[in-house]
Amino acid sequence: MKILFVYPQYPVTYWGFQYALKFVSKKASFPPLGLATVAAMFPKDDEKRLIDMNVTALRDKDLLWADYVMLSAMAVQRESTREVIDRCKALGIKTVAGGPLFTSEPESFDDVDHLLLNEGELTIPKFIRDLNAKNAQHIYTSDQWADLRDTPVPIWKLIDQKKYSTMNIQYSRGCPFNCDFCNVTSLFGHVPRTKDAPQLINELNSLYESGWRGGVFFVDDNFIGNKRKLMNDILPALIDWMAGKNYPFAFLTETSINLADDEKLMEMMVKAGFNTVFVGIESPNESSLAECNKTQNKNRDLIWSVKKIQHSGLQVHGGFIVGFDNDNSSIFDSLIDFIQQSGIAAAMVGLLNAPKGTKLYQRLAGEGRLLKGFTGDNTDYSMNFIPKMDQELLVKGYHRIVNTIYSPSRYYERILVFLKEYNPIASSTGPLSFNHIMAFLKSMVRLGIIEKERRYYWRLVLWSLLKRPQVFPLAITLSIYGYHFRKVFEKTALES
Ligand code: SF4
């Protein structure tokens, strides 16, 4: 059987880093790890190809090659997903689909031949068995959670690694917390399920042997969800493996803010080669944190927590939300002040939305406040419910936040707040490549000559070279990120 795995296109978003990727001559940040893993669940004898539409055009002749086209997608890829399904229908090619978009709303994709909902480890074997018996069903689902120890190593050779800036890997699924706007727990459960240390090391070895060197993103919903296993088994194994291989990778991941409470854990993560964590901070407003059940962020000094993580050697990327019922018009200034003081350069601020399957969705449905149109893109000015605050005021305030925090003066000011205190650990910076040098040269032209931020850029370059040369590469990286964020919001402001 010939299977074509297709990853639909996503729009330009904060997370896509599309404008920044041009500096390193890459087409996308991360490859479709889910599809590369799912591919390994199909029989060895099947012929397999993978097209990520974010890096390669999908031609009709690619589709016609396949007996089955298998798609995986998130909500933000809805438009492109629909186009691919329609193209397959027109060409008479059978479609199979799985992943968060299809699991959350299978009713929108009833024309897909086979929907493999929930986790592939559980539904794909049943689908393959029925397919072989020529009795494949329309929908496969499961109310169980998969054991990640059964998850195979992704087929890396399906991925054209040189088109990506970072590879990815998964150690766990699920999160012990229960934030009401987040669909992680409905999709993956409350009890983090993990791989074992030898399995993870085997996976890292396979990535190493595929030739990859550089950034590796642990895509876990909350990497520190099971701290005991992490500190007793996983991190010691990672520390040894990285040292033994002379630090070929630089890791980044997502964690909850309680990482700040455990110095030993942060120390071990840095020693293992982590240099960046994404943390959902959401709001400086305690009543909004209570409203969304972000218990781990309540009753703590959030700025102090961020600084604690930064001091340990980890850069913090932060997620923020406005539009909670408890937000009033003072939230805009307090969020700007918070972000500036925190030194979080990569601060992603979005308007609150309610994905299907979340507690928030249920509550808003009960209150009759839901609207259609969840886009999954939290930077596109859309909301799928009626907010308590006057919507025009809210959108204007949101616009003011992003306009302010990504304005060159405030953005570069924030980079300095961070870099003055940050001490990068040599083992967690990853190997320097030709692409890094090219990125610096391109940044000199684009940010140092063409763009309006040039005086801030040169001031930062000189400051870092003269005062803190060890943070110079990071200063350039953050300048490039800032350019991306500004462009994303300029684009979405024009479209909205
Ligand atoms: S901590 Fe993060 S992953 Fe966990 S429920 Fe909250 S938002 Fe979701």
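A polar contact is taken here as a pair of N or O atoms within 3.5 Å, where, within protein, one atom must be able to donate a hydrogen and the other to accept it, and where residues adjacent in sequence count only if both atoms are side-chain atoms. By this criterion the side chains of S443 and Y457 are joined by a polar contact of 2.6 Å. The structure is a predicted model, in which local features need pLDDT of at least 70 and side-chain atom pairs count only at pLDDT 80 or more, whereas totals for chains, interfaces and linings use all residues. Residues are numbered from 1 along each chain as its sequence is written, and side-chain values use heavy atoms, with hydrogens and water left out.

S443 lies in helix 17 (residues 434–450); helices (H or I, at least four residues) and strands (E, at least two) are DSSP runs, numbered from the N terminus. With a relative accessibility of 0%, S443 counts as buried, a term that denotes under 20% relative accessible area, exposed being over 50% and partly exposed in between (1.4 Å probe, protein chains only). Contact in general means heavy atoms within 4.5 Å, and on this basis S443 touches F23, G448, Y457, I476 and I480 when residues up to four places away in sequence are not counted.

At the level of the whole chain, the protein is divided into domain 1 (2–140) and domain 2 (167–419), with bounds that come from an automatic or database domain assignment. The centres of the two domains, taken over C-alpha atoms, are separated by 26 Å, and the contact takes 18 residues from domain 1 and 21 residues from domain 2.

A nonpolar core is a set of buried Ala, Val, Leu, Ile, Met, Phe, Trp, Tyr and Cys residues joined through side-chain atoms within 4.5 Å. The largest such core has 137 residues, of which L235, L238, F274 and L419 touch the most other members. Helix 19 (residues 472–495) supplies the largest share of this core, with ten residues. Because domain 1 (2–140) and domain 2 (167–419) both give residues to this core, it lies between them. Another core, of 23 residues, lies apart from it and has L58, V69, L71 and I85 among its members. As for L238, this residue touches I201, L204, F218, F251, A272 and F274, not counting residues up to four places away in sequence.

The side chain of E121 makes a polar contact of 2.7 Å with the side chain of R173, and, leaving aside neighbours within four places in sequence, E121 is in contact with M41, A146, T151 and R173.

Helix 12 (residues 302–311) is mostly covered, seven of its ten residues being buried, namely L302, I303, S305, V306, K307, I309 and Q310. The elements that cover these buried residues include helix 10 (263–271), strand 12 (274–282), helix 11 (286–291), strand 13 (315–322), helix 13 (331–342) and helix 16 (408–419).

H317 is found in strand 13 and is buried, with a relative accessible area of 6%. Not counting residues up to four places away in sequence, H317 touches T276, V277, F278, V279, I344, A346 and Y481.

E282, in strand 12, has a positive phi of about 70° and counts as buried at 6% relative accessibility. K134 has a positive phi of about 55° and is found in the loop between helix 6 and strand 6 (139–140), where, at 77% relative accessibility, K134 counts as exposed.

The residues around the ligand are C175, F177, C179, C182, D221, K294 and Q296, a residue being near a molecule if one of its heavy atoms lies within 4 Å of it. This shell divides into four nonpolar, one polar and two charged residues, where Ala, Val, Leu, Ile, Met, Phe, Trp, Tyr, Cys and Pro count as nonpolar, Asp, Glu, Lys and Arg as charged, and the others, Gly among them, as polar.
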